[in-house]
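Below is a briefing on one protein chain.

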Amino acid sequence: MKTSIRTIAKLAGTSVTSVSRVLNNSGYTSADVREKVEAAIKELNYTPSKGARMLRGEPSRMIGLLLPSIDLPFFGILAHSIEQQLFERGYQTLICSTAENREHEERYISMLLSQRVDGVIVASAFGDLSHFRSLASTQIPIVGIDREMSGISKDAVMADHIEGGRMMAKHLLDLGHRKIAVIGAPGHSQPIQLRLEGVRQELAAHGLAPAKEAIGEEHRFAEIHEMAQQLLRDCPDVTGLIGTTDIAAIAAIHAIHHQGHSVPQDYSVIGFDDLPEASHMLPRLTTVAQPIREVGLQAVERLEKLIDAHRKEKDLPAMGVLRLPVTLVERESTGPARL
């Protein structure tokens, strides 16, 4: 016989209303009652019908998470952080890795609409976001993460990428470097463009410009390693290299060693992110750390506020773009410019 919430209520010795509150994670329920209901659910092996909830117009308790890729360390850490935060709040996360493919992104948007998700957190790979209009038109709460979603959502959480770019350039300038190149990928990425802007601003304040900007389209170690080797051949007078990410900086260090040079004696290298790998490099990587997990936490908290307003049929509060501060982590991959 199919288990109903009335059966659960009878076994738990409580009301149907209390069981409903526990199942939907809504309204006040005492810890004692919640414990009894959860024990009854477990004993009866009860799984609520998602279809029935949807027909009743109840929340799906599902959140869509759209990311360009989850095989890159930054997005893997970000996805894990967001999924854990949502799980603790009683949500299931539908993680959609788009492979920076517009068609994939469009298909995932259709899937999220069909699943009637309660909200979406998005880091789109594209500048043109017109394919998100079908999602935005439903008034489903959307929060951009690691980049803005202009024209789709006013709310986003990201690190202060421009300030991070300034920090990278300033650190090398303070060490006496004047021939500074930039290397990284992907060129179409909004965060990469913002970091580049910060680098250019700081160098321009000292009457300088990047000696070279080697920016590729594939954020892969092999491609960046090859670009770095070419950069070293083309610009032998460069003494400082700015990696737009830690992966780019690590690839540059490998290229420097491949050509028989040393870090930081011959070249200083700085990255951006402060991935776990950065502190295990030889030499350990100087980098600008962005608070990846805090970015995820703030995005979840903002989305939850938007979802609450949406359920209560209030106007969605526009909280704007939150830019979290970044910090310089100085290690052994940077030093004074060679004479």
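Which residue just after α1 takes a positive phi? That residue is G13, with a phi of about 70°. The model is a predicted one, in which local features need pLDDT of at least 70 and side-chain atom pairs count only at pLDDT 80 or more, while totals for chains, interfaces and linings use all residues. Residues are numbered from 1 along each chain as its sequence is written, and side-chain values use heavy atoms, with hydrogens and water left out.

**Overall chain**

- The chain has twelve helices and twelve strands; helices (H or I, at least four residues) and strands (E, at least two) are DSSP runs, numbered from the N terminus.
- Of the 339 residues in the chain, 48% are buried, where buried means under 20% relative accessible area, exposed over 50%, and partly exposed in between (1.4 Å probe, protein chains only).
- Taken along the principal axes, the box filled by the C-alpha atoms is roughly 80 × 40 × 30 Å.
- Among contacts (heavy atoms within 4.5 Å) between residues at least 6 apart in sequence, 72% join residues at least 24 apart.

**Helix α1**

- Helix α1 spans residues 5–12, and its buried residues are I8, A9 and A12.
- These buried residues line one face of the helix, because they fall within an arc of 100° when α1 is seen down its axis; the arc is that of the directions from the helix axis to the C-beta atoms.
- R6 and K10 are exposed residues on the face of α1 turned away from its buried side.

**Cavity**

- A cavity is here a set of points, on a 1 Å grid over the protein atoms alone, where a 1.4 Å probe fits but cannot get out, and its lining residues have an atom within 4 Å of a point.
- Grid points are joined across faces, edges and corners, and a volume is the space filled by probe spheres set on the points.
- The count comes to one cavity of 30 Å³ or more.
- The volume of the largest cavity is about 240 Å³.
- Its lining has 22 residues, and those nearest the centre of the cavity are F74, F75, P186, H219 and T245.
- Helices α5 (73–88) and α9 (190–204) each supply at least two residues of this lining.
- By class, the lining holds twelve nonpolar, five polar and five charged residues; Ala, Val, Leu, Ile, Met, Phe, Trp, Tyr, Cys and Pro count as nonpolar, Asp, Glu, Lys and Arg as charged, and the others, Gly among them, as polar.

- S333 lies in the segment after β12 (327–329) and counts as buried, at 0% relative accessibility.
- The side chain of S333 reaches the backbone oxygen of V269 at 2.6 Å. A polar contact is a pair of N or O atoms within 3.5 Å; within protein, one must be able to donate a hydrogen and the other to accept it, and residues adjacent in sequence count only if both atoms are side-chain atoms.
- Not counting residues up to four places away in sequence, S333 touches residues including V263, P264, V269 and P283.
- V263 and P264 are joined by a cis peptide bond with omega about 10°, and P264 is in the loop between α11 (246–258) and β9 (268–273).
- L282 and P283 are also joined by a cis peptide bond, with omega about -5°, and P283 is in the loop between β9 and β10 (286–289).

- R61, in the loop between α4 (50–55) and β1 (62–67), has a positive phi near 60° and is buried at 8% relative accessibility.
- Q139, in the loop between α7 (133–136) and β4 (142–145), has a positive phi of about 70° and is partly exposed at 46% relative accessibility.

**Two further loop residues**

- T239 lies in the loop between α10 (221–234) and β8 (240–243) and is buried, with a relative accessible area of 8%.
- Leaving aside neighbours within four places in sequence, T239 is in contact with H177, R178, K179, D266, Y267, S268, A337 and R338.
- G151 is in the loop between β4 and β5 (156–159) and is exposed, with a relative accessible area of 83%.
- From C-alpha to C-alpha, G151 and A255 are 41 Å apart in space, and they are 104 residues apart in sequence.

Terms used
On a 1 Å grid over the protein atoms alone, a cavity is a set of points where a 1.4 Å probe fits but cannot get out, and a pocket is an open set with protein on both sides within 12 Å along at least five of seven lines; lining residues have an atom within 4 Å of a point.
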